[in-house]
Amino acid sequence: MAPMSVRRDETDEKNTAPHRAGFACFVGRPNAGKSTLTNALVGQKVAITSNRPQTTRHTVRGIVHRPDAQLILVDTPGLHKPRTLLGERLNDVVRTTWAEVDVIGFCLPADQKLGPGDRFIAKELAGIRKTPKVAIITKTDLVDSKTLAEQLIAIDQLGKELGFEWAEIVPVSAVGNKQVQLVADLLIPLLPESPPLYPEGDLTDEPEQVMVAELIREAALEGVRDELPHSIAVVVEEMIPREDRPADRPLLDIHANVYIERPSQKGIIIGPKGSRLKEVGMKSRKHIEALLGTPVFLDLHVKVAKDWQRDPKQLRRLGF
């Protein structure tokens with residue numbers, strides 16, 4: 001039954017409405033817009049997005065904080081007919097996730113007719129009886145209203161064919177920021193009553209800055225592993241979108257410090273005429289852009305943190 005019918009009388013019970021918290025996951029074919037929607041809802045980039053399908057290798061949680069609710073988004077790899085062992089493992093991850101969440105959002109792109117891949121997933125969903133399912137039509141900015149209407153009818157029909165009813169069907173454009181918050185409004189009533197499960201301010205289990213620092217450290221270690229195996233730490237000081245950029249050409253400024261233990265190691269990392277540091281910047285920037293799905297300006301500085309590996313205060317500051 002659609003959650004609209006169980007909404008409380010908002011005026012009477014505004015103050016007594018219970019706090020809800022729980023897990024939702026977005027499923028769909030690879031590249032159906034799941035990660036982009038997760039990022040739009042959380043308001044900060046947490047899942048890896050890319051035009052190449054199958055970039056999300058593991059569950060990434062994004063958290064939407066509201067005064068009356070906390071929606072924890074679990075982003076799974078796209079479910080697909082597996083051709084490899086990794087593919088099978090990824091599908092197992094998806095099914096395990098589905099069994100553990102409170103609500104499932106099935107993402108279907110508006111610009112592609114329902115195909116065998118969508119039916120394959122919908123059939124799997126039909127087998128999960130208890131969990132409410134919301135159909136989310138993504139990428140609506142790419143189609144006209146007639147195409148969208150046809151897609152809505154086709155998706156409603158698909159549920160009927162497989163013997164279940166969608167709790168909601170909602171069109172959305174994460175890129176155009178249309179109806180994104182409505183998705184959260186519709187998912188939240190389907191969550192159980194519960195106090196918040198994560199501290200306010202948490203956006204994901206694995207902060208992006210940590211992942212970015214790791215990529216820089218990896219690139220910095222390449223080629224100097226023998227000389228400085230453990231004496232490199234990287235701290236990302238800030239990641240901020242460059243202002244005044246057109247929407248279709250964003251640029252993310254990343255300022256990071258590479259810490260070493262002794263002044264004598266500085267030359268090793270920087271290399272003759274700065275050549276090695278430049279190489280580190282180019283290599284890590286490529287990986288960071290693939291991870292974040294956005295062009296990056298990377299500003300790297302090498303600093304000495306004397307004997308940081310033996311100094312608890314410095315270790316804490318460097319995130320160990």
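Hi everyone, let me start with a definition: a residue counts as buried when its relative accessible area is under 20%, and as exposed when that area is over 50%. Please also keep in mind that this is a predicted model.

Is Val183 buried or exposed? Its relative accessible area is 1%, and the cut-off is under 20%, so Val183 is buried. Which residues does Val183 touch, once we set aside its neighbours within four places in sequence? They are Phe26, Leu41, Ile136, Val170 and Val172. Here is one distance to look up on the structure: Val183 and Ala135 are 48 residues apart in sequence, and their C-alpha atoms are 10.0 Å apart in space.

One of those contacts of Val183, Leu41, takes us to helix 2, residues 34-42. Seven of the nine residues of helix 2 are buried, so this helix is largely enclosed by the rest of the structure. If you want to find the buried ones, look for Lys34, Ser35, Leu37, Thr38, Asn39, Leu41 and Val42. Just after helix 2 comes Gly43, with a positive phi of about 85 degrees.

Next, have a look at Val103, in strand 4, residues 103-109. Val103 has 0% relative accessibility, so it counts as buried. Not counting residues up to four places away in sequence, Val103 touches Phe23, Ala24, Cys25, Thr131, Pro132, Val134, Leu187, Leu190 and Leu191. Take Leu187 from that list: Val103 and Leu187 are 84 residues apart along the chain, yet their C-alpha atoms are separated by 7.1 Å.

Helix 7, residues 208-221, packs with helix 9 at an angle of about 150 degrees, and their axes are 8 Å apart. Helix 7 passes helix 9 in a right-handed crossing. From helix 7, the contact uses Glu208, Met211, Val212, Leu215, Ile216, Ala219 and Ala220. From helix 9, the partners are Val280, Lys283, Ser284, His287, Ile288, Leu291 and Leu292. Sorted by class, that contact has ten nonpolar, two polar and two charged residues.

Helix 9, residues 275-292, also packs with helix 8, residues 263-270. What is the angle between helix 8 and helix 9? It is about 60 degrees, with the axes 5 Å apart. The two helices are therefore oblique to each other. Ile268, Ile269 and Ile270 of helix 8 meet Ser275, Arg276 and Leu277 of helix 9. Those residues divide into four nonpolar, one polar and one charged.

While we are at helix 8, find Gln265, which is placed there. With a relative accessible area of 4%, Gln265 is buried. Beyond its neighbours within four places in sequence, Gln265 is in contact with Leu228, Ser231 and Ile260.

How many residues are in the largest one? There are 29, and the members that touch the most others are Val212, Ile216, Ile232, Ile254, Ile288 and Leu292. Helix 7, strand 7 (233-241), strand 8 (252-260), helix 9 and strand 9 (296-304) each supply at least two residues of this core. Which element gives the largest share? That is helix 7, with eight residues. For a close look at one member, pick Ile288: it touches Val212, Leu215, Ile216, Ile254, Gly293, Val296 and Leu298, not counting residues up to four places away in sequence. Apart from this core lies another, of 26 residues, among them Leu37, Ile136, Leu187 and Ile188.

Let me finish with two loop residues. Asn177 is in the loop between strand 6 (168-171) and helix 6. Its phi is near 55 degrees, a positive value in a residue other than glycine. Asn177 has a relative accessible area of 55%, so it is exposed. Asp244 sits in the loop between strand 7 and strand 8. Asp244 is not a glycine, but has a positive phi of about 55 degrees. At 79% relative accessibility, Asp244 counts as exposed.

Definitions and conventions:
Residues numbered from 1 in each chain as written. Predicted model: local features only at pLDDT ≥ 70, side-chain atom pairs only at ≥ 80, totals over all residues. Heavy atoms only, no water. Buried < 20%, exposed > 50% of the residue type's maximum accessible area, 1.4 Å probe, protein only. Contact = heavy atoms within 4.5 Å. Axes fitted to C-alpha atoms, helices over the stretch in contact; angles between N-to-C directions. Helix = DSSP H or I, 4+ residues; strand = E, 2+ residues; numbered from the N terminus. Parallel < 35°, antiparallel > 145°, perpendicular 65-115°, else oblique. Nonpolar A, V, L, I, M, F, W, Y, C, P; charged D, E, K, R; others polar. Left-handed = near helix turned anticlockwise from the far one by under 90°. Core = buried A, V, L, I, M, F, W, Y, C linked by side-chain atoms within 4.5 Å.
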